[in-house]
Amino acid sequence: MNEAEPHPAELQLRKRAKQALRKQLRTVRAALPKSACEARSAKTMERLLGLEELRSATVVLAFASIGNEVSTSAFIDACLEGGKRVGLPRVVGDDLALHEIASGTELVPGAFSVPERPERSRMLSVDEIDFALIPALAVDPRGHRIGYGGGYYDRLLPRLGSATTCAVVYDFQLIAEVPDLRFDAKVELIVTDDRVLRAG
């Protein structure tokens, strides 16, 4: 987060810049052929699964990818097969509740059509999470990200105090600098199909 509050005019410019980047990157990512998404996702997952921070984790937060997002299914399967406990978020009002899954767990369409666990399923505490996978439309080397505009992960990230937080994106979604705002929360790691960056 910035140390000082930006001037109101600058704040409006940053907000408009974020909206424009969000729209642009949605369009570019949506244009990727399925074969390119699969190939890039496989490379991203290979780098992700090689992280020491993940290998040492016992409880992992993932997300169920949709559309042309980096596919997380291989990540979830590998974590479960490796004996890790895995959670997925579920939208509850303005926040995310974390629910544990197992191999073969049934997911149901949730908010914004993202697959979620049913409400009755076992919950995880934020304090249990060792490693958290975070979606993004764009991220910069400092760890600032552009999400989908709902602010759900900006509210969740500060609560994941003991977890290593990691954004996964295609390499073209790694940009020089995100026009961050005061309430934006950063991630510690960025993994793409080409590289691994440790923010800061």
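Predicted model: local features only at pLDDT ≥ 70, side-chain atom pairs only at ≥ 80, totals over all residues.
Trainee: Which residue takes a positive phi in the hairpin of β2 and β3?

Mentor: Strand β2 pairs in the antiparallel sense with strand β3, residues 95–101, over 7 bridges, and in this pairing Val-91 stands opposite Leu-96. The hairpin leaves 2 residues between the strands. The residue there with a positive phi, near 65°, is Gly-93.

Trainee: Is Arg-90 buried or exposed?

Mentor: Arg-90 lies in strand β2, and, leaving aside neighbours within four places in sequence, Arg-90 is in contact with several residues, including Asp-95, Leu-96, Glu-116 and Arg-117. The relative accessible area of Arg-90 is 13%, and the cut-off for a buried residue is under 20%. Because 13% falls under that limit, Arg-90 counts as buried.

Trainee: How many residues apart are Asp-95 and Arg-155?

Mentor: Asp-95 forms a salt bridge with Arg-155, in which the closest N and O atoms are 3.8 Å apart. This pair links distant parts of the chain, since Asp-95 belongs to strand β3 and Arg-155 to helix α5 (residues 152–156), and the separation is 60 residues.

Trainee: Over the ring of which residue does the charged end of Arg-155 sit?

Mentor: Arg-155 is partly exposed, with a relative accessible area of 34%, and Asp-95, with which Arg-155 forms a salt bridge, is also partly exposed at 38%. The charged end of Arg-155 lies 5.3 Å from the centre of a ring, and that ring belongs to Tyr-152.

Trainee: In which helix do Glu-52 and Arg-55 both lie?

Mentor: Glu-52, partly exposed at 45% relative accessibility, forms a salt bridge with Arg-55, the closest N and O atoms being 3.0 Å apart. The two residues are 3 places apart, about one turn of the helix, and the element that holds both, residues 52–55, is helix α3.

Trainee: With which residue does the side chain of Arg-145 meet in a salt bridge?

Mentor: Arg-145 is buried, with a relative accessible area of 6%. Asp-154 also counts as buried, at 15% relative accessibility. The N to O distance in the salt bridge is 4.0 Å, and the partner of Arg-145 is Asp-154.

Trainee: How many salt bridges does a search of the whole structure find?

Mentor: Side chains of opposite charge can pair when their charged atoms come close. Some of these pairings are linked, as in the network of salt bridges that holds Arg-85, Glu-100, Arg-122 and Glu-128. Over the whole structure, the number of salt bridges found is 11.

Trainee: Which residue pairs with Tyr-170 in a stacked aromatic pair?

Mentor: The count of aromatic pairs comes to 1. In this pair the rings lie 5.9 Å apart, centre to centre, with 25° between the planes; because planes under 30 degrees apart count as stacked, the pair is placed in that class. Tyr-170 is buried at 0% relative accessibility, whereas the other residue is partly exposed at 28%, namely Phe-172.

How values were computed:
Residues numbered from 1 in each chain as written. Heavy atoms only, no water. Pairing = 2+ DSSP bridges. Helix = DSSP H or I, 4+ residues; strand = E, 2+ residues; numbered from the N terminus. Buried < 20%, exposed > 50% of the residue type's maximum accessible area, 1.4 Å probe, protein only. Phe/Tyr/Trp six-rings, centres within 6.5 Å; stacked < 30°, edge-to-face > 60°. Lys NZ or Arg CZ within 6 Å of the ring centre and 35° of its normal. Contact = heavy atoms within 4.5 Å.
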